[in-house]
Amino acid sequence: MTTPNELLAEIDGIGRDRTRGGYSRHVFDHAELELREWFTAQAAARGLTVLPDGNGNLWAWWSEPGDDAVVTGSHLDSVPGGGRFDGPLGVVSALAAVDRLRSEGFRPSRPLAVVVFAEEEGGRFGVPCLGSRLASGATAPETALGLRDEVGTTFAEAMRAAGMDPRLAGSDRTNLDRVGRFVELHVEQGRGLIDRGSAVGVASAILAHGRWRFRFTGQGNHAGATPMGDRADPMLPAARLVPEARSAALRFDDARATVGRLRPNPGGTNVIAESVDVWLDARAHRDAETRALVDELSGRAEELAAQEGCSVRLSEESYADGVCFDSGVRDELTALLEVPALPTGAGHDAGVLSARTPAGMLFVRNPTGISHAPQEHAEQDDCTAGAEALTEVLRRWSR
């Protein structure tokens, strides 16, 4: 059986970020397109037929596509400067599972596919799980196609440059109506399995989460010629919102609020900014708490802006309700593999698909507890254990 680490080694040099460390692999950029070519070749070498959909997702079928299919997979894109395992571990583990089953002479009695979802991290166009959200109908194609990256390229333009037809984007009933069960393997993005002493776990739930942008607007001006008392500087309320987000999250039960990105316009060292964009990531166990957290910060942002003679506008860029994975799938996986179940604060394509089909997730222990950073890690033996667990699930579901 090919091991996950052997397959990860084959793509180790693709998309390395020499500035941030780690990997930067964003949908339809050079690195991500190279990974797509690699996956297509790997699938073909295993006798799988790769059928791209209209949303940038790649479906690799073991046998003829059909109803009540068993599907597994994850994503190949990353956050800026992300880790080695987030996304690719689920893809290579699926390929390793296919290798093991084929070496045993196993033939699935149900259709079986490995899928790679596009733009899971939202690292280029800002909306996470965009490929699965488009396919499931959770995001309208007209909304997605108009999204712009940092240099102004729209999602539609990026699709065309990658040889895709944007007119085909949108709800994909052809593939999703075929899925009978879906399972996604992923490196754990936290310390749950460390504390439980287990190499593998099963996801029980995903926190409600979303992304919002605060745009603070003031008066752009000269940094040297404008007296301090004559300024309407949007950088001040923008900066003050960062610690306010932390304080607000601490007032809710196990909520999380993060400002990971801030962009002044025009961004000159000797220029008072005209506007400053602040992106907020907010999460909580219940939808109402997540919304209440954002509402509290919105009110505080208005107060901070007014103190500096500025204004602020809040816009929601993405939102996903909390997910409780199918209890039947969860209980079956925990019993079959004899592993613990635990919730996660990270969003996943499996969470999107869970609204349409019975879905579950397997986690592989991360001894650092760190993710979305170069220090993300998983031991070789744990990766092998994860692939073996996935193999057992696919064998049980598709026999």
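Visitor: How many aromatic pairs does the count come to by the ring rule?

Guide: The count comes to seven aromatic pairs. Rings of Phe, Tyr and Trp (its six-membered ring) pair if their centres lie within 6.5 Å; planes under 30 degrees apart are stacked, over 60 edge-to-face, the rest tilted. This is a predicted model: local features need pLDDT of at least 70, side-chain atom pairs count only at pLDDT 80 or more, and totals for chains, interfaces and linings use all residues. Residues are numbered from 1 along each chain as its sequence is written, and side-chain values use heavy atoms, without hydrogens and water.

Visitor: Why is the pair of F117 and F182 called edge-to-face?

Guide: The ring centres of F117 and F182 are 6.2 Å apart and the planes stand at 70 degrees, so the pair is edge-to-face. F117 is in strand 4 (residues 112-117) and F182 in strand 5 (residues 179-187), 65 residues apart. Strands are DSSP runs (E, at least two residues), numbered from the N terminus.

Visitor: Why does F117 count as buried?

Guide: Buried means under 20% relative accessible area, exposed over 50%, partly exposed in between (1.4 Å probe, protein chains only). F117 has 1% relative accessibility, so it counts as buried. F182, at 0%, therefore counts as buried too.

Visitor: Which residues do ring pairs link into a cluster?

Guide: W59, W61, F117 and F182.

Visitor: What lies over the face of W279?

Guide: R261 does, at 3.7 Å from the ring centre. The rule asks for NZ of Lys or CZ of Arg within 6 Å of the ring centre and within 35 degrees of the ring normal. R291 lies over the face of Y319, at 3.8 Å from the ring centre.

Definitions and conventions. Helices (H or I, at least four residues) and strands (E, at least two) are DSSP runs, numbered from the N terminus.
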